[in-house]
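Subject: Structure handover

Hello,

Please find the structure below. Notes on what was found in it follow.

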Amino acid sequence: MGFMLGANNLGPGVAPLIIAPVLMAVGWRDAFWLVAIVGAVIGTVVWLVLPAPLDTDISEDPEAALQPLASEHSRAAVFKSASVWKFAILFCLANMSAYGLMTWVPSYLLNDKGLSLIDTGIFAAIPFIVTALATIVGGRLVDKYFHDRARILLVPCMATSAVLLFLMTTADTVAMFTFYETLALGISGLCSMSIFAMPLRALPSEFLGSGMGLINGCGQFAGFITPLVMGWMVDQFSYMAAFGVLVGATSAAALVAMIVPQTPAKF
């Protein structure tokens with residue numbers, strides 16, 4: 001799971017390095033067409049190489065299949081679970097920093113700092129490449145040391161990330177801004193698998209999709225709301241005020257991390 005979630009950060013890390021020179025060469029409109037074509041090709045390849053679905057006797061619980069009413073009741077209980085919602089809110093708050101930086105740092109570097117498109121691509125890529133590696137390392141840490149004590153990793157990492165994001169807003173140079181941004185995202189990446197590990201272990205297998213779908217859906221909701229809020233902050237105040245929203249969200253994530261369950265028995 002760490003490798004999979006790390007790839008989610010690797011995409012935003014690699015994309016600016018590829019897209020920036022493409023934009024310089026062909027312009028915005030043709031760049032969109034190229035991305036669409038490449039995406040269609042990759043989607044086709046993935047469709048062809050993914051393994052077939054598991055056999056029914058492996059992927060389904062025969063007893064659950066014989067009790068549809070009980071299953072429906074249990075599925076509803078998943079969506080009413082306080083523990084599931086705690087992790088969902090935590091993932092939403094934790095994701096706000098990544099989505100906010102992904103969407104607004106490039107325009108900040110271009111418009112406020114006057115960087116070239118190529119330089120913007122390089123500076124925008126560095127934090128997410130580091131975060132991808134940190135997420136993989138974090139998955140290993142969870143397996144080895146923190147699988148039943150998520151808060152010990154989550155709370156200090158989120159709190160430290162919030163402090164680093166604050167320092168980022170005070171940076172005078174692009175280099176220092178990127179340095180603090182990279183550290184903030186990297187440290188947040190170290191604990192990101194802690195958000196997934198407990199629900200993956202605690203939820204019944206037949207309802208894992210429902211529970212994790214809710215948690216991940218709230219995480220993706222951050223990708224909808226954060227750019228809107230930060231855009232309004234940029235219009236009304238400044239880029240640094242907009243980045244301050246991420247400081248608040250990450251601080252709130254550290255607080256929520258204090259109340260999430262740490263073992264399946266308490267889930």
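A search of the whole structure finds 0 disulfides, a disulfide being a pair of cysteine sulfur atoms within 2.5 Å. C92 is in none, and the nearest cysteine sulfur, that of C218, is 6.3 Å away. The sulfur of C191 is 4.5 Å from the closest cysteine sulfur, in C157, which is too far for a bond. C92 counts as buried at 14% relative accessibility, and C191 is buried with a relative accessible area of 0%. The cut-offs are under 20% relative accessible area for buried, over 50% for exposed and in between for partly exposed, with a 1.4 Å probe and protein chains only.

On provenance, this is a predicted model, in which local features need pLDDT of at least 70 and side-chain atom pairs count only at pLDDT 80 or more, while totals for chains, interfaces and linings use all residues. Residues are numbered from 1 along each chain as its sequence is written, and side-chain values use heavy atoms, with hydrogens and water left out.

Pockets

The largest pocket holds about 520 Å³ of space. A pocket here is an open set of points on a 1 Å grid over the protein atoms alone, where a 1.4 Å probe fits, with protein on both sides within 12 Å along at least five of seven lines; lining residues have an atom within 4 Å of a point. Grid points are joined across faces, edges and corners, and the volume is the space filled by probe spheres set on the points.

Of the 22 residues that line the largest pocket, P16, I19, L23, W28 and P106 lie nearest its centre. Helix 1 (2-26), helix 2 (28-49), helix 6 (82-112) and helix 7 (117-146) each supply at least two residues of this lining. Helices are DSSP runs of H or I with at least four residues, numbered from the N terminus. The lining divides into 18 nonpolar, 3 polar and 1 charged. In this scheme Ala, Val, Leu, Ile, Met, Phe, Trp, Tyr, Cys and Pro are nonpolar, Asp, Glu, Lys and Arg are charged, and the others, Gly among them, are polar.

The second largest pocket has a volume of about 290 Å³. It is lined by 19 residues, with N8, N9, F91, N95 and A98 nearest its centre. Helix 6 gives the most to this lining, 7 residues. By class the lining has 10 nonpolar, 9 polar and no charged residues.

Cores

The largest nonpolar core has 39 residues, and F87, L90, L154, M158, I195 and I215 have the most contacts inside it. Such a core is a set of buried Ala, Val, Leu, Ile, Met, Phe, Trp, Tyr and Cys residues joined through side-chain atoms within 4.5 Å. Helix 6 provides the largest share of this core, 10 residues. Apart from it lies another core of 25 residues, among them L165, M168, Y180 and F243.

Leaving aside neighbours within four places in sequence, L90 is in contact (heavy atoms within 4.5 Å) with L154, I195, A253, V256, A257 and V260.

Two single residues

S188 lies in helix 9 and counts as buried at 8% relative accessibility. With neighbours within four places in sequence left aside, S188 is in contact with M158 and S161.

V229 is found in helix 10 and counts as partly exposed at 32% relative accessibility. The C-alpha atoms of V229 and F32 are separated by 25 Å, with the two residues 197 apart along the chain.

Regards
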